[in-house]
Amino acid sequence: MLTVGSADTISVPESERFGYWHDLVARESVPMRIHSAHAADFRARADVISLGEVVLSSWQYPSLDMQRTSTFIRRGDPEMYEFALPLSGYGGVEQERRTNRFAPGHFAVVDTSRPHQSSHQGRTQHEDLLTTLTILVPHDFIPLHPNKIAQLLGTTISAAEGMGVLLNHFVRQVLTHPEQYQESDVPLLGTVARDLISAMLAQRLDLTEALPTEVRGHSLRVRVKAFIDEHLGDPDLSPGTVAAAHHVSLRSLHRAFEAEDQTVAEIIRTRRLDRCARDLRDPLQRGRPILSISARWGFPSQAHFSRLFTAAFGMSPRAFRSDPSAPRRHR
């Protein structure tokens, strides 16, 4: 699995916890001044995953205020952009004389090389620890001109629409399930993170066409796969409907997947079959008719589904359901 660096203030004496956290933030993120009404007994935790050039982190802490001044920048600057996604609470972020709400469902955008400040508070005095997910990425890793990105500093970008949704899902997936990946996946995961961030920024700036061809192609493939997952139950889902939904020609869609192991049609078919296999194995769905399961995942014809499933798994859906030794995924 991916290497996860974890730290918890509970491991140090109460009187040292706030100082420990202050040093941890400086080491794993960027040095800054931190204030908190809970400094006397500061309960907090951090989990950090390095994807090469990109660093993903999950931070849990009580209400606090943070300020990165010119003095802190002179002490040390990793020259990175930071994208912070709070999962709870409320607050504000300010940079380049722009002030915006720091709230769940939005990525806050800041540059570590410029002064900025933020606050994060619980909605009630007794609210549990707040959680924020962050992404740190080097300036020169993003293929957009710094002057363009500077227009977004101190602003927020929705994590519930456009490319922000995909970046949101990616960060949560990696941080929540590091066991699903290997260390050998790090270079690819780092590239995915970079391309999703670049596409999100370019979309916000209306500069998608300015991205390098390989970045546009990669982000298209990520968007297509996410679209397929969301519409597997639609029996009309096909390469043609996928191309139309993404405003590209069918030829352009096929060209984008030329280097992939599967065509778009094969991705749709195998993911549908895998969902059916999962449901057939689910004890809670033991009494559900096979026809109902296949129809749920876009196979309205039971005969057609049975042929495809048998070819993929080496046995009929009925036999698969009753055989605990059957493979969980298609061959």
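Colleague: Hi! What should I know about the ground rules?
Modeller: The model is predicted, so local features need pLDDT of at least 70, side-chain atom pairs count only at pLDDT 80 or more, and totals for chains, interfaces and linings use all residues. Residues are numbered from 1 along each chain as its sequence is written, and side-chain values use heavy atoms, with hydrogens and water left out.

Colleague: Is strand β4 mostly covered or exposed?
Modeller: Mostly covered: seven of the eight residues in β4 (residues 54-61) are buried, meaning under 20% relative accessible area with a 1.4 Å probe, protein chains only. Strands here are DSSP E runs of at least two residues, and helices are H or I runs of at least four, numbered from the N terminus.

Colleague: Which way do β3 and β4 run?
Modeller: Antiparallel, with seven bridges joining β3 (residues 45-51) to β4; pairing takes at least two DSSP bridges. A46 has W59 of β4 as its bridge partner. Two residues lie between the strands of this hairpin, and G52 has a positive phi near 75°.

Colleague: How many bridges does β4 make with β11?
Modeller: Seven, again antiparallel, with β11 spanning residues 130-138. S58 is bridged to L133 there.

Colleague: Switching topic, why does the length of α4 agree with expectation?
Modeller: At 1.5 Å a residue, its 15 residues (162-176) should span 21 Å, and the end C-alpha atoms are 22 Å apart. The expected span is 1.5 Å times one less than the number of residues. Its buried residues include L166, F170 and V174.

Colleague: And what is residues 222-323 like in helix and strand?
Modeller: That stretch is 65% helix and 0% strand, with end C-alpha atoms 34 Å apart.

Technical notes:
Buried < 20%, exposed > 50% of the residue type's maximum accessible area, 1.4 Å probe, protein only.
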